[in-house]
Amino acid sequence: MGKGVFVTFEGVEGSGKSTQIRLLADALKKAGYTVTVTREPGGTAPGEALRKIALDPHTGELDPMTELLIFSAARRELISRVIAPALKEGHVVLLDRFADSTTAYQGYARGLNLAMIEQLNRTVTEGVWPERTIVLDVDVEEGLTRSVTRMAMEGSTTEARFEGEGLDFHGRVRDGYLQIAKKDPQRVKIIKPGTVEDIRRAVFSSVADLFPQLTVD
Ligand code: TYD
């Protein structure tokens, strides 16, 4: 890997990732870092096309392995076209969802074999792996309600495939993230629910060692 810094954000639906990514990106830019912000699935033309298949409710049911391969294909494009080049240039890369989403959603929630997913994640990412992963924890029901409400307000229902899953599914996603963090506490930090400012402070503290120029308070 190059000399950049790679940080990923994870969480269940409506956990407030995009707000926190924006706050951190702005603060890092102010502190003099060059920042690339992107999201999964998407961030490239083929990735956005795959995103449509994966998230549009009109897609209907997908074989879980097909779903896994779609997210992995989108990830591969993003890594090779965006993430790896940006890291090579020395950028900070802030990514909304990465391989832990696959472990949590397709593994813990859909029930695909976890060892197989870990192997696939390693193969697809080829050593491009985050220095730090921030998991924004939130009550599953609250998050889901927030996410559905936001979509309704935006008048967009074309990305609601996962919002249509039951609370038990999203509960398994949350448990999955807690397991992932337990297995890799150095990399993965769980941030407790709170106000936007509480969460911002906790997020900044969790990455402070990576960014000596960043002011936490
Ligand atoms: P998105 O609208 O970006 O959701 P959010 O704003 O909550 O991040 O949709 C991404 C959806 O795709 C989300 O429901 C999680 C799911 N997903 C997976 O199931 N596996 C994956 O590997 C990734 C990257 C996302």
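These are legends for several close-up views of one predicted model.

**A few ground rules.** In this predicted model, local features need pLDDT of at least 70 and side-chain atom pairs count only at pLDDT 80 or more, while totals for chains, interfaces and linings use all residues. Residues are numbered from 1 along each chain as its sequence is written, and side-chain values use heavy atoms, with hydrogens and water left out.

**View 1. Who sits around the ligand?**

View 2. Look for pairs of N or O atoms within 3.5 Å, which is what a polar contact is here. The side chain of K17 has an N or O atom 2.5 Å from an oxygen atom of the ligand. For the side chain of E13, the distance from an N or O atom to a ligand oxygen is 2.7 Å. On its own, the ligand has 550 Å² of accessible area, and the protein covers 92% of that (Shrake-Rupley method, 1.4 Å probe).

View 3. The ligand sits in the largest pocket. Sitting there means that more than half of its atoms lie within 2 Å of the pocket's grid points. A pocket is an open set of points on a 1 Å grid over the protein atoms alone, with protein on both sides within 12 Å along at least five of seven lines. Helices (H or I, at least four residues) and strands (E, at least two) are DSSP runs, numbered from the N terminus.

View 4. Start in the loop between strand 2 (35-39) and helix 2, where you'll find P41. A cis peptide bond joins E40 and P41, with omega at about -15°. Next comes R97, in the loop between strand 3 (92-96) and helix 4. R97 isn't a glycine, yet its phi is positive, about 80°. Is R97 buried or exposed? With a relative accessible area of 13%, R97 is buried (buried is under 20%, exposed over 50% and partly exposed in between, using a 1.4 Å probe and protein chains only). E126, in the loop between helix 5 (114-125) and strand 4 (132-136), also isn't a glycine and has a positive phi of about 45°. At 58% relative accessible area, E126 is exposed.

View 5. G11 belongs to strand 1 (residues 5-11), and its relative accessible area of 0% makes it buried. From G11 to L62 is 51 residues in sequence and 22 Å in space, C-alpha to C-alpha. T19 belongs to helix 1 (residues 17-30) and is partly exposed at 28%. Over in helix 3, A74 is buried, at 1% relative accessibility. The C-alpha atoms of A74 and L214 are 31 Å apart, with 140 residues separating the two along the chain.

Terms used. A polar contact is a pair of N or O atoms within 3.5 Å; within protein, one must be able to donate a hydrogen and the other to accept it, and residues adjacent in sequence count only if both atoms are side-chain atoms. On a 1 Å grid over the protein atoms alone, a cavity is a set of points where a 1.4 Å probe fits but cannot get out, and a pocket is an open set with protein on both sides within 12 Å along at least five of seven lines; lining residues have an atom within 4 Å of a point.
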